[in-house]
Amino acid sequence: MLARQRQEFILEKIAATGGVRVAEVVEALGISEMTVRRDITELVAQGLVERVHGGAVAPGSTTHEPRFTSKTTLHPQAKARIGAAAAALVRPGDSLALSAGTTTLAVARALTTLKHLDTLTIITNSLPAAQLLFDAADAARAESREAPKVLLIGGERTPSNATVGLIANDALSRLRVEWVFMGAHGFVPSDGLMTPNLREAATNQALVAAGRTTVACLDSSKWGVLGLRTFCPTSQISVLVTEVQPDEDTVTALDEAGTTLVIAP
């Protein structure tokens, strides 16, 4: 295969999903890792992609925040698997919090399938997750069953359908839960979970502070992606749930930070 054809394949994958991993190209095209990295280097020189740990992503600003609707179509199967694996951690009677995002929405969806859903107290600053959980609670009451307690945090709405700001932060400062399930715009082991939205970063920090155990829910397209602000260093992530085995450097960094890695089946 010609270099031009390989590079077109890389660009097509990035256009479709926002990023591509070196290992993914190696497997798809049957070429060496060195060849893929050389192709990425050439695309970087042309300004067509940005290099990240383990692959490449579309060029863009660390301050760009995609709208929620544009993210819902990305990696739905991976997010469903991650959501189910994350929800399986929750025990009867637990209290938990969900950040905003499409992956944590998948966690909320998986929570509604738990037999002990009615025993849970769930706090979120995600408008879509709150609506989904409110609907599940209403359905339980309509069938004369016990329903979970669902609390929606107030605040200013962001493009990712999160409520953030001083009102949200103040409310969270008074709450304590067993689990906090966090999505992120990007993840770099040396920096942690990142977001392009400064107000959302502050509210996400308040969410992390409210929880005993922080669970990062990230599909592999988030690895190596930068955001303007880190809101949770890797050392504060107790569990990271993803859908494929990370590269060796990431696994080592997680192990050194004491983070438990869960690969969603």
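Colleague: Which domains does the domain assignment of the chain give?

Modeller: Domain bounds come from an automatic or database domain assignment. For this chain the assignment gives domain 1 (3–61) and domain 2 (69–263). The centres of domain 1 and domain 2, taken over C-alpha atoms, are separated by 29 Å. Please note that this is a predicted model, in which local features need pLDDT of at least 70, side-chain atom pairs count only at pLDDT 80 or more, and totals for chains, interfaces and linings use all residues. Residues are numbered from 1 along each chain as its sequence is written, and side-chain values use heavy atoms, with hydrogens and water left out.

Colleague: What is the volume of the second largest pocket?

Modeller: The terms come before the value. On a 1 Å grid over the protein atoms alone, a pocket is an open set of points with protein on both sides within 12 Å along at least five of seven lines, whereas a cavity is a set of points where a 1.4 Å probe fits but cannot get out; lining residues have an atom within 4 Å of a point. Grid points are joined across faces, edges and corners, and a volume is the space filled by probe spheres set on the points. Here the second largest pocket has a volume of about 630 Å³. Its lining has 30 residues, and those closest to the pocket centre are Val20, Arg21, Glu24, Ser220 and Val244.

Colleague: Which element gives the most to the lining of the second largest pocket?

Modeller: Helices (H or I, at least four residues) and strands (E, at least two) are DSSP runs, numbered from the N terminus. In this pocket α2 gives the most, with four residues. The elements that each supply at least two lining residues are α1 (3–17), β1 (19–21), α2 (22–29), α3 (33–45), β3 (55–57) and α5 (76–87). By class, the lining has ten nonpolar, nine polar and eleven charged residues. In this scheme Ala, Val, Leu, Ile, Met, Phe, Trp, Tyr, Cys and Pro count as nonpolar, Asp, Glu, Lys and Arg as charged, and the others, Gly among them, as polar.

Colleague: Is Val244 buried, partly exposed or exposed, and what does Val244 touch?

Modeller: Buried means under 20% relative accessible area, exposed over 50%, and partly exposed in between (1.4 Å probe, protein chains only). Val244 counts as partly exposed because its relative accessibility is 28%. The residue is placed in the loop between β14 (239–242) and α10 (248–257). Contact means heavy atoms within 4.5 Å. Not counting residues up to four places away in sequence, Val244 touches Arg21, Ser220, Trp223 and Ile263.

Colleague: How far apart should the ends of α5 be?

Modeller: The expected span of a helix is 1.5 Å times one less than its number of residues. The twelve residues of α5 should therefore span 16 Å, and the end C-alpha atoms of α5 are 16 Å apart, which agrees. The buried residues of α5 are Ala78, Lys79, Ile82, Gly83, Ala85, Ala86 and Ala87.

Colleague: Which residues does Ala264 touch?

Modeller: Setting aside residues up to four places away in sequence, Ala264 touches Arg81, Ile82, Ala85, Thr242 and Glu243. Ala264 is found in the segment after β15 (260–263), and is buried because its relative accessible area is 2%. The C-alpha atoms of Ala264 and Arg81 are separated by 5.6 Å, although the two are 183 residues apart along the chain.

Colleague: What is the phi of Ser144?

Modeller: Most residues other than glycine have a negative phi. Ser144 has a phi near 60°, a positive value in a residue other than glycine. Ser144 is found in the loop between α7 and β6 (149–152). With a relative accessible area of 72%, Ser144 is exposed.
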